[in-house]
Structure formats: structure tokens, C-alpha cells
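Here is a short briefing to read alongside the model. Keep the viewer open as you go through it.

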Amino acid sequence: MKVSFKLNGEDVTVDVEPNEILLDTLRLKLGIKSVKRGCERAECGACTVLLNGSPVYSCTLLTVQIDGKEVRTLEGIQDTPEVKALVSKFVEAGAVQCGFCTPGFIVTAYAMIKKGVEPTSENIKKALEGNICRCTGYKKIIDAVTKAIESVK
Amino acid sequence: MFYRIPKFNYYRASTLDEALDLVSSLNDFKVLAGGTDLVIDLKVRRYTVKNVVDISRIKELDYIADDGDRVRIGALTKLQSIADSPIIREKVPVLADAVREMASWQIRNIATIGGNLCNASPAADTAPPLYVLNATLRLVSKEGEREVPIAEFFLGPRKTALRSKELLKEIVIPHEPGCGASFLKLGRRNSFTLSVVAVATLVKVVENKFADVRIALNSVAPTPVRARKAEEYLKGKEVSLDNITEAAKLVLHDISPISDVRASAEYRKDMSVVLTRDSLIKSLERIGIKV
């Protein structure tokens with residue numbers, strides 16, 4: 001069936017089977033490669049995208065579910081001051097090693113900043129609980145997000 | 001690609017009436033509310049179904065209403081909306097506490113309270129608070145509506161009192177001022193985790209005696225359960241740490257945990273006692289009583 005939605009500000013229409021997940025539509029049909037195929041079962045956060053501004057896992061959303069909605073991926077927010085700050089602080093803090101989880105973390109952290117969540121260490125941990133990083137041990141990621149929030153204030 | 005979802009026919013309802021038409025005319029279907037459980041269950045073939053009825057767009061079932069003497073939550077209200085709701089935080093904070101600890105932000109933004117209940121996992125974390133709050137579920141079909149107390153809704157793992165042509169419409173929570181309630185959950189780690197055991201308790205105290213006590217646990221029986229023996233033991237007794245400690249041991253009469261990937265039955269039993277005691281203490285603290 002035809003599914004139309006806004007992807008990073010542009011209207012797109014794709015023809016999908018009902019059993020297709022958003023992750024596959026984004027990666028295989030629309031060339032969005034920041035969205036990573038990780039666990040594929042809503043555990044790791046590597047496939048995080050923004051649905052109407054809120055972070056969600058694209059691996060457990062059927063593409064038909066997002067008909068008429070607005071999806072944003074890292075590609076669509078990379079030029080915002082928030083993401084620029086996040087990227088530079090991730091680099092400075094050494095919060096990126098293999099990098100596979102990084103887009104998911106940045107998208108979730110961006111949503112947190114945009115929603116005005118008070119940037120305490122507790123709140124940052126809570127917001128990022130659905131993203132897994134197997135390299136850094138999280139401390140550097142939390143430091144990077146904290147510094148990024150301070151720098152865009 | 002590790003998983004492929006088998007093909008199914010997809011039906012989308014925009015209104016409750018449309019959804020009821022669909023579920024009364026289709027056979028072999030599953031209802032998709034948020035899909036955070038269903039899509040995974042389809043991937044891992046826990047279910048293979050011919051038809052999926054997507055009710056996620058029914059706006060009329062997404063609300064939190066404060067009627068003064070009760071709070072009503074539409075079945076399609078997202079978990080994150082419940083965690084963030086000033087009404088829930090003020091009137092039924094125990095539910096906000098439980099929902100806040102469920103899954104992750106990404107899942108709470110999609111998952112619904114109705115989905116959590118109708119999926120009927122023994123580890124459903126919305127259940128223990130709703131049990132101690134004496135919540136009622138309003139079920140609707142083309143024939144009409146009926147109300148089922150939450151404790152009668154769960155029949156077994158993934159089994160509910162919901163008939164095949166029925167949908168859960170809303171959750172009704174009576175507001176009982178003066179009660180203290182709390183929720184404690186133990187998982188294998190601190191965040192984004194399924195319950196090894198979770199406990200909700202509610203207490204009402206009059207003249208330093210327990211006037212009412214309600215205790216509910218999940219993940220320690222085929223369905224979430226009330227710990228009636230422990231409740232009865234405390235009713236009428238003086239509020240003291242000794243009485244609470246004794247009562248907590250009695251939860252073992254009402255639970256029948258199994259060993260699984262998350263924990264052994266033995267550990268679940270021990271932790272049920274500990275969490276019940278701690279939750280009772282916390283519930284008392286919420287109404288200003290220290291033991």
C-alpha cells in the first residue's frame with residue numbers, strides 16, 4: 001500500500017507491504033543510512049528516529065503506522081545548533097568509538113534538548129536509557145551531552 | 001535482516017466504531033495499539049496471524065480525564081503521556097512511578113496502557129498499581145459495554161477476559177484521598193528492564209492502625225496477583241515495622257514464581273518479601289508515617 005509521510009521536511013510516498021518495518025523503508029528504499037540496524041527488537045536504540053518530534057525505534061514500527069506523520073532522522077537535524085554541539089562534544093569527550101550507536105544517541109539527546117528536559121545527570125541517563133553503547137561505558141556520552149547542553153544554552 | 005515478519009492483511013480503524021466493525025467481522029486477527037510488543041511478537045513468531053487491525057489512530061481513546069472522584073485513562077494513551085501527566089502525578093502517583101520505570105523513552109512514546117494490559121504479560125508493570133487502586137476496565141463491543149475489575153481481567157499469560165469481538169476502551173481509577181501508595185520494581189539492571197518482580201502497595205491508616213491494605217505483585221505468578229493473606233494479616237493491626245515484616249512473609253502464600261531467564265523462583269520469592277516490606281514502608285511514608 002502507499003504510505004505518505006514527511007521525511008526530514010520533505011513529502012515522500014513509498015509503496016510498502018504491511019509487514020515492512022520503518023527501518024527497512026528508511027535504509028533500503030529511501031537511502032537513510034544514519035538509522036542503524038542493531039538488535040531489530042526494540043532493545044538497542046541504534047535505529048532511533050524522531051516521530052512527530054519524539055524518539056522512537058524504527059525497527060518495531062510498521063511503515064504503515066507512520067502514514068501521514070513526520071519522521072526526522074539524523075540527516076534532517078544535522079545542521080541544527082543542538083546537533084552541531086552534540087557532535088563536537090562527543091568528539092571532544094571521546095564519546096565515539098566504533099560509532100555504530102552514535103546516531104541513535106545524538107537523535108535521542110537532540111529530542112531531550114528540544115523538549116526542554118532539565119539537564120541533570122539523572123535526567124540525561126533516563127532519557128538515554130533506551131540507547132546501548134558497547135564501547136564507551138556511557139560516562140563519556142553523558143559528559144558529552146551535558147557539555148553540549150551547556151554550550152547551546 | 002535477522003527477522004522477517006510473515007505477511008498479513010492490514011486494516012486501519014480511525015474511529016472506535018470502525019474498529020468494532022473490524023474486530024466483529026474478522027477472524028484470526030491481532031489488534032495493534034502501539035505495536036511495541038506485537039511487532040516483535042510477529043517477528044519472533046509468537047503469533048502468526050492473517051490480519052492485523054491497527055487501532056493506533058483512534059484519537060477518541062487517547063485521553064486522561066479527571067472526574068474528581070475518579071480518573072479515566074483512554075486505552076490508547078501512551079505510556080509517556082501517563083508518566084508526564086500532572087493529573088496522574090497528583091491523583092495516582094503510584095501509576096506514574098510504575099510507568100516511568102517501564103521500557104525506554106522510545107518505547108513509552110509509542111506503547112499504550114491498553115496494549116500493556118491486553119498483551120497480558122505476567123510482567124505487565126501497569127498491573128500492580130492498577131490492582132491496588134481497584135481500577136475497573138471498560139470493555140466495549142458492538143453489543144454494548146461492560147466493566148471488569150482489573151483483578152478479574154487477567155486469566156493467564158497472554159490471556160484476558162476480553163472476548164474476541166471486544167476492545168478495551170478505558171481504565172477507570174477511583175480516587176481515594178488519604179491513601180498512600182508506592183511501587184517498587186526489581187529488574188536485572190536499573191533501567192530499561194523487565195521486572196524480576198514488581199510490587200505495588202496501598203495503605204490507609206486510621207488511629208495508627210491499618211484501615212486498608214492492598215498488595216499486588218507481578219512476574220511471580222501466571223498473572224499479576226493480589227497478596228490477600230498478607231493484606232488480611234495487616235488489616236486492623238497497629239502500624240509497626242514488626243507487623244509489616246511479618247505480613248510481607250505471607251506474600252509467599254499468594255505467589256507461585258517460576259525460574260526463567262530473568263531469575264530463579266527462589267530469588268523471586270525472597271525478593272517478593274523484601275520488596276513488599278519496603279513498598280509498605282514507602283507507602284506509609286507517603287502519608288507522613290515513619291516506622
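Two residues are in contact if their C-beta atoms, placed from the backbone, lie within 7 Å. By that rule, 23 residues of chain B are in contact with 21 residues of chain A. This is a predicted model, in which local features need pLDDT of at least 70 and side-chain atom pairs count only at pLDDT 80 or more, while totals for chains, interfaces and linings use all residues. Residues are numbered from 1 along each chain as its sequence is written, and chains are lettered from A in the order in which they are written.

**Where chain B meets chain A**

- On the side of chain B that touches chain A, α2 (38-43), β3 (51-54) and α6 (105-108) each supply at least two residues; helices (H or I, at least four residues) and strands (E, at least two) are DSSP runs, numbered from the N terminus.
- That side of chain B has 13 nonpolar, 7 polar and 3 charged residues, where Ala, Val, Leu, Ile, Met, Phe, Trp, Tyr, Cys and Pro count as nonpolar, Asp, Glu, Lys and Arg as charged, and the others, Gly among them, as polar.

**The sheet of chain A**

- In chain A, 5 strands form an open, mixed sheet in the order β2-β1-β5-β3-β4; two strands pair if DSSP finds at least two bridges between them.
- β2 (10-15) and β4 (54-57) of chain A are the edge strands, each with a single partner, so one side of each has no neighbour in the sheet.
- From one strand to the next, the twist averages 40 degrees.
- Strand β3 (residues 48-51) of chain A runs antiparallel to β4(A), and 4 bridges join them.
- A:Leu50 has A:Pro55 as its bridge partner in β4(A).
- Helix α4 (residues 102-114) of chain A lies across β3 and β4 of chain A, at about 30 degrees to β3(A); axes are lines fitted to C-alpha atoms, for helices over the stretch in contact, and angles run from 0 to 180 degrees between N-to-C directions.

**The two domains of chain A**

- Chain A is assigned domain 1 (2-73) and domain 2 (78-152), with bounds from an automatic or database domain assignment.
- The C-alpha centres of domain 1 and domain 2 of chain A lie 21 Å apart.
- Between them, 13 residues of domain 1 of chain A are in contact with 11 residues of domain 2 of chain A.
- On the side of domain 1 of chain A that touches domain 2 of chain A, the largest share, 3 residues, comes from β3(A).
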